[in-house]
Amino acid sequence: MKYKTIGILGGSGFVGQHLSALLDNKGYQVRILSRKADKHPELSLIPGVSIESGDAFDPDVLKGFFTRVDAVINLIGILNEKKDNGKEFHRIHVDMAHRIAMACETSSITRLLHMSALKADASKGSSYYLRSKGEAEDWLHHASELGLEVTSFRPSVIFGAQDRFLNRFGELLKLTPLVFPLACAHSHFAPVYIGDVCRAFMVALDNPETIGRRYELCGPKTYTLGELVQFTATSLGLKRLVIGLPGFLSLLQARILGMLPTKPFTVDNYRSLQTESICTENGLPLLGIQPTSLESVAPQFLGNNSRKGNLNVYRKQRHYVCLGKHLR
Ligand SMILES: NC(=O)c1ccc[n+]([C@@H]2O[C@H](COP(=O)([O-])OP(=O)(O)OC[C@H]3O[C@@H](n4cnc5c(N)ncnc54)[C@H](OP(=O)(O)O)[C@@H]3O)[C@@H](O)[C@H]2O)c1
């Protein structure tokens, strides 16, 4: 084990919580920097994980955090911004990447694992989200000229306990009787299991052959959004007819829902969905990981998203890790 203490930025979120549990189980010490550590008591359930409060945009905070770790994982990301002008995406993704690279240099951190997104592209991305993700990824890989050893991951949508994709559709389906009108129902995805994404990070961490590489991460099968929502309804035992909205109504729905404080669907999300989220070359087998099917795990976690359920998932997850059931 070359790196013992792993610092995770954005480690309090969906991916970070699963990844922390896996790294802890494999004997790593995990430190998480969060804007509000006390909002994440569930992380204190994991013995080798500590979480501290601090603003990752403050160079002194970032440098101080990096001096206490051996390698860094960047998971910081947003899916929506307040105004639809790309500025917040740029700040959270691109400016953050610059700050991370600078703090790595001053703290003598060389190893960085970076979370990007499938179809992220600085110039051709179909949304502000995808362009800013692409720019951040490119920038960090260019920083390898300064001695930074970067590996990036480009997942399609990720599913698993506490995801905000299938679980969110599950909540909406429960509130919508009989007919469920769905925007962008013909968009394509190859959803990838959270356990496989976390294993990809773990396998890459100590493997020098992954330095400089960008891994696309996909599940074994491609679905339309309509099929995924219908699958969610069936898994929850709900009889719903999922009806795809035509383009102009999908955009109208994005405009309306994007005005809500929680922004469940925005115009920028709509733009992202115009690009197929399917791998050109799936990185999971390249990393020795067999992609897990949606059908084999999703019915177990759908409908079990309560706080108590979440805590049980962690307990079970530790058990799974120990048993080597999902995460070898
Ligand atoms: N989930 C997916 O399906 C999916 C697919 C492709 C790519 N990704 C990427 O994977 C990464 C993790 O995704 P996730 O689903 O785990 O997201 P998440 O649950 O929303 O977590 C995102 C993390 O980013 C941090 N963050 C957000 N705004 C921040 C800010 N202004 N300053 C500092 N930190 C900030 C948050 O940390 P604190 O609130 O603790 O500060 C949070 O822990 C993201 O980069 C995302 O774009 C996710």
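Leu23 counts as buried because it has 24 C-beta neighbours inside 10 Å (buried means 20 or more other C-beta atoms within 10 Å of the residue's own, with C-beta atoms placed from the backbone). The model is predicted: local features need pLDDT of at least 70, side-chain atom pairs count only at pLDDT 80 or more, and totals for chains, interfaces and linings use all residues. Residues are numbered from 1 along each chain as its sequence is written.

Leu23 belongs to helix α1, residues 14-25 (helices are DSSP runs of H or I with at least four residues, numbered from the N terminus). Apart from neighbours within four places in sequence, Leu23 is in contact with Ile6, Tyr28, Val30 and Met202, contact meaning C-beta atoms within 7 Å. Asp196 lies 173 residues from Leu23 in sequence and 13 Å away in space, C-alpha to C-alpha.

Helix α1 also gives the most to the shell around the ligand, with 3 residues. In total, 20 residues surround the ligand, each with its C-beta atom within 6 Å of it. The closest are Gly10, Gly13, Ser34, Arg35 and Gly77.

Elsewhere, helix α2 (residues 59-66) packs against helix α3 (residues 87-107) at an angle of about 50°, with the axes 9 Å apart.

Key
Helices (H or I, at least four residues) and strands (E, at least two) are DSSP runs, numbered from the N terminus. A residue is buried if 20 or more other C-beta atoms lie within 10 Å of its own, exposed if 12 or fewer, and partly exposed in between; C-beta atoms are placed from the backbone. Two residues are in contact if their C-beta atoms, placed from the backbone, lie within 7 Å. Axes are lines fitted to C-alpha atoms, for helices over the stretch in contact, and angles run from 0 to 180 degrees between N-to-C directions.
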